[in-house]
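Please find below a short note on the model under review. The points are numbered so that each may be answered separately.

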Amino acid sequence: MVLLRRELGDVLREKRQDQGRTLREVSASASVSLGYLSEVERGEKEASSELLASICRALDLPLSQMLSDVAGRVSLAEAAEAQLSTVLAEGLAQPLHHDAMPPRERNRDGERRVVTSAA
């Protein structure tokens, strides 16, 4: 399931890091605690629209641009989820069973290798 708060946090973190700024710098500019900003960036907290606007101002990032970036990420994540669901529903992806794997043994160096039968 796509979590909007995680995608939003990822975008904010990427923008901050692209600018070479620290959490401390941005949190001071945005008048938000460092801990709370960190939680928002990690997708652990849902920030209010006022707080998002303040963070975006501190990053000199238009709110509309941040929302557009988040929408693009959500769209990609949804498409990936839909594709995975289709593959699993149609049985195109089969789980790997342990007994179906080729036998392995260790060589003299302790590395594992697949055992092939001699013809």
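1. In which loop is the place of D60? The residue lies in the loop between α4 and α5. As this is a predicted model, the remarks here and below concern computed geometry. D60 is not a glycine, yet its phi is positive, near 55°. D60 counts as exposed because its relative accessible area is 71%, and the cut-off for exposed is over 50%.

2. Is L59 buried or exposed? Its relative accessibility is 2%, so L59 counts as buried, the limit being under 20%.

3. Leaving out residues up to four places away, L59 touches L12, K15, R16, Q19, R21 and V26. For V26, the separation is 33 residues in sequence, while the C-alpha atoms are 6.9 Å apart in space.

4. L59 also belongs to the largest nonpolar core, which has 19 residues. Those touching the most other members are L8, L12, L37, I55, L59, M66 and V70. At least two residues of this core come from each of α1 (4-18), α2, α3, α4 and α5. Which helix gives the most to this core? It is α4, with five residues. As a general remark, nonpolar side chains in soluble globular proteins tend to be buried together.

5. I55 may be examined as a further member of that core. Once its neighbours within four places in sequence are set aside, I55 is in contact with L12, A30 and L37.

6. The burial pattern of α2 can be stated by residue. L23, V26, S27 and A30 are buried in this helix. Why do the buried residues of α2 line one face of the helix? Viewed down the helix axis, they fall within an arc of 100°, so they line one face of α2. An α-helix has 3.6 residues a turn, so residues three or four places apart point the same way. R24 and A28, on the other side of α2, are exposed. The cover over the buried residues of α2 includes α1, α3 and α4.

7. α2 is followed by S31, which is placed in the loop between α2 (23-30) and α3 (34-41). S31 has a positive phi of about 55° although it is not a glycine. With a relative accessible area of 68%, S31 is exposed.

8. For the chain as a whole, the secondary structure comprises five helices and two strands. Their order from the N terminus is α-α-α-α-α-β-β. Of the 119 residues in the chain, 25% are buried. Among contacts with a separation of 6 or more, 56% join residues 24 or more positions apart. The accessible surface comes to about 8500 Å², and carbon and sulfur atoms account for 51% of it.

Methods: Residues are numbered from 1 along each chain as its sequence is written. This is a predicted model: local features need pLDDT of at least 70, side-chain atom pairs count only at pLDDT 80 or more; totals for chains, interfaces and linings use all residues. Side-chain values use heavy atoms; hydrogens and water are left out. Buried means under 20% relative accessible area, exposed over 50%, partly exposed in between (1.4 Å probe, protein chains only). Contact means heavy atoms within 4.5 Å. Helices (H or I, at least four residues) and strands (E, at least two) are DSSP runs, numbered from the N terminus. Accessible areas come from the Shrake-Rupley method with a 1.4 Å probe; for residues, only the protein chains shown count as cover. A nonpolar core is a set of buried Ala, Val, Leu, Ile, Met, Phe, Trp, Tyr and Cys residues joined through side-chain atoms within 4.5 Å. The arc is that of the directions from the helix axis to the C-beta atoms.
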